[in-house]
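The structure is shown first, and the description follows.

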Amino acid sequence: MKNELDVYRSRDGLSQGELAEAVGVSRQTINAIERERYDPSLELAFKLAAQFDCTVEALFDPALDDSA
Amino acid sequence: MTTAESPTSDWLSKRQTYRHLMFGSVFGGVAVGLVLRFLDYPVVGEAVYWVGALAFFAVWKLSDVQLMDERDWELERRASLSALQIVGAVLVVSASASRLLTYLTEYTVPAFVWGALYGYIGLFIAFGLSYLWHRTRL
């Protein structure tokens with residue numbers, strides 16, 4: 001799924017590992033989401049949105065996904 | 001900024017350490033057990049095997065960090081599906097070929113082949129029962 005995770009992460013100056021620790025997953029999971037190879041669960045999507053103080057829709061855009 | 005619940009700063013390294021310990025225990029136990037059996041110490045080899053297996057469960061259940069995250073579970077789900085598909089294909093082809101060989105030729109299919117095929121059938125029965133159990137809960 002298309003997402004702006006790397007944009008928000010860069011905005012806040014976080015590494016993938018730091019973001020991973022903050023939301024309780026592995027760095028590989030954050031990397032897979034950013035590379036659009038893995039779609040997070042609703043729970044993780046909301047945790048990420050809470051971390052960046054934005055909405056889930058601001059982070060993830062399923063409408064831009066060709067396979068949607 | 002809203003801050004999500006923050007685990008300890010060394011959470012990721014602890015997770016990696018415990019995962020290495022967990023999988024190292026079971027694979028190490030199996031490997032050392034095999035070597036000891038080969039060196040004619042079968043009972044000691046069996047003991048090492050069990051120590052490795054129990055260490056695996058101990059680390060898994062008693063560690064204070066989450067060792068698997070949702071991507072790990074998704075990887076397991078996909079790997080399980082792929083493995084079942086491969087085993088299913090092997091079972092369909094091998095079972096038919098074994099029956100045909102028995103019916104049409106003098107060749108006797110070795111007992112271990114039938115054992116393996118019945119093992120595969122047992123695997124699919126276990127999968128079906130597990131599926132039905134989960135279906136009642138989801």
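## Packing of α2(A) and α3(A)

α2(A) and α3(A) are roughly perpendicular to each other, because an angle of 65 to 115 degrees counts as such, while under 35 is roughly parallel, over 145 roughly antiparallel and the rest oblique. Their packing angle is about 110°, and the axes lie 8 Å apart. Axes here are lines fitted to C-alpha atoms, for helices over the stretch in contact, and angles run from 0 to 180 degrees between N-to-C directions. Helices are DSSP runs (H or I, at least four residues), numbered from the N terminus.

From α2(A), the residues Gln16(A), Gly17(A), Leu19(A), Ala20(A) and Val23(A) meet Arg27(A), Ile30(A), Asn31(A) and Glu34(A) of α3(A), contact meaning heavy atoms within 4.5 Å. This contact comprises 4 nonpolar, 3 polar and 2 charged residues. Ala, Val, Leu, Ile, Met, Phe, Trp, Tyr, Cys and Pro count as nonpolar, Asp, Glu, Lys and Arg as charged, and the others, Gly among them, as polar.

## Basis of the description

The model is predicted: local features need pLDDT of at least 70 and side-chain atom pairs pLDDT 80 or more, whereas totals for chains, interfaces and linings use all residues. Residues are numbered from 1 along each chain as its sequence is written, chains are lettered from A and ligands numbered from 1 in the order in which they are written, and side-chain values use heavy atoms, without hydrogens and water.

## The largest nonpolar core

The largest nonpolar core has 28 residues, of which Leu5(A), Leu19(A), Ile30(A), Leu48(A), Phe52(A) and Leu59(A) touch the most other members. Two or more residues each come from α1, α2, α3, α4 and α5 of chain A and from α1 and α2 of chain B. The most come from α4(A), with 5 residues. Such a core is a set of buried (under 20% relative accessible area) Ala, Val, Leu, Ile, Met, Phe, Trp, Tyr and Cys residues joined through side-chain atoms within 4.5 Å.

Leaving aside residues up to four places away in sequence, Leu19(A) touches Leu5(A), Arg9(A), Leu14(A), Ile30(A), Leu48(A), Gln51(A) and Phe52(A).

## Packing of α3(B) and α4(B)

In chain B, helix α3 (residues 70-104) packs against helix α4 (residues 111-135) at about 140°, with axes 10 Å apart. α3(B) and α4(B) are therefore oblique to each other. The contact between α3(B) and α4(B) has 13 nonpolar, 4 polar and 1 charged residues.

How values were computed: Buried < 20%, exposed > 50% of the residue type's maximum accessible area, 1.4 Å probe, protein only.
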